[in-house]
Amino acid sequence: MMFLSNVSLASVVKAQVKFKLQAFIGSFLSLIFIQVLALLLTSSTGTSGTSFNGTEISFNIFTLDGVFVFVAIWAVFVGNLITTKAYRYDDFSFVSTRLSSNIANIIVLMIVSIIAAVTTFLSTYLLRLYQVVFSKVEFIKSPGILNEPGETVMTLLLLFILIWMLTSFGYLLGALVQKHKRFIILLPLLFVGLVITSLGQNIIQYFFIVNGDLWSFMLKVLGVTVIFFIISLVAANRWEVRA
């Protein structure tokens, strides 16, 4: 006797997300390596000094901007990586559809972005430890999580939204290239056009320049992320996924 069982979309997506996250272990390890490397190469941004009654005082300024640049490149790479055939063919292990596969990919990129945002933020404490152990710094002044919890939450949220947007951009690039190889040439030309034309510069300035309202900026970045994913879903409509 044979029985037919209906598998819900949610259960399929859940299984795919779990499987894809396990496949991304290597990406998480590369994230930690990139963050440590960025700390060593780009953390110091400036030095100033003064003297008072014969005592010289020097100030070293450190920032995580360089770390974020490295993480941003990593995020675009990861978003593109999940669209490659090696990862797409993993979907054949499930009774799935293109919809479930793409939803799982978006959720995976969201989780990856959360992890990247948290580890990027926590790298500030690694930087402090490094300065205490390997330098002659006698005093470090920097806000902590408990001192300014509201600012900490905002920083984490901003990091997450920016990294998720970058993964969605990588996902879009991968989806377009997988559908038509000619986009390998067209996409760089489009990017150059956005940078050098006045229209492109106005678009970049509107979406990615903070004008005092951080919430408005994050909403615009989130909107760009949604647009990238929608275009990716349309482009990925012909991906080979077993139904």
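A: Among contacts in the chain (heavy atoms within 4.5 Å) between residues at least 6 apart in sequence, 78% join residues at least 24 apart. This is a predicted model, in which local features need pLDDT of at least 70, side-chain atom pairs count only at pLDDT 80 or more, and totals for chains, interfaces and linings use all residues. Residues are numbered from 1 along each chain as its sequence is written, and side-chain values use heavy atoms, with hydrogens and water left out.

The chain has 9 helices and 2 strands; helices (H or I, at least four residues) and strands (E, at least two) are DSSP runs, numbered from the N terminus. Their order from the N terminus is α-α-β-β-α-α-α-α-α-α-α.

With a relative accessible area of 4%, Gln 35 is buried; buried means under 20% relative accessible area, exposed over 50%, and partly exposed in between, with a 1.4 Å probe and protein chains only. In the chain as a whole, 35% of the 243 residues are buried.

Apart from neighbours within four places in sequence, Gln 35 is in contact with Val 67, Val 71, Ala 116, Thr 119 and Thr 120. With Thr 119, the side chain of Gln 35 makes a side-chain polar contact at 3.0 Å. A polar contact is a pair of N or O atoms within 3.5 Å; within protein, one must be able to donate a hydrogen and the other to accept it, and residues adjacent in sequence count only if both atoms are side-chain atoms.
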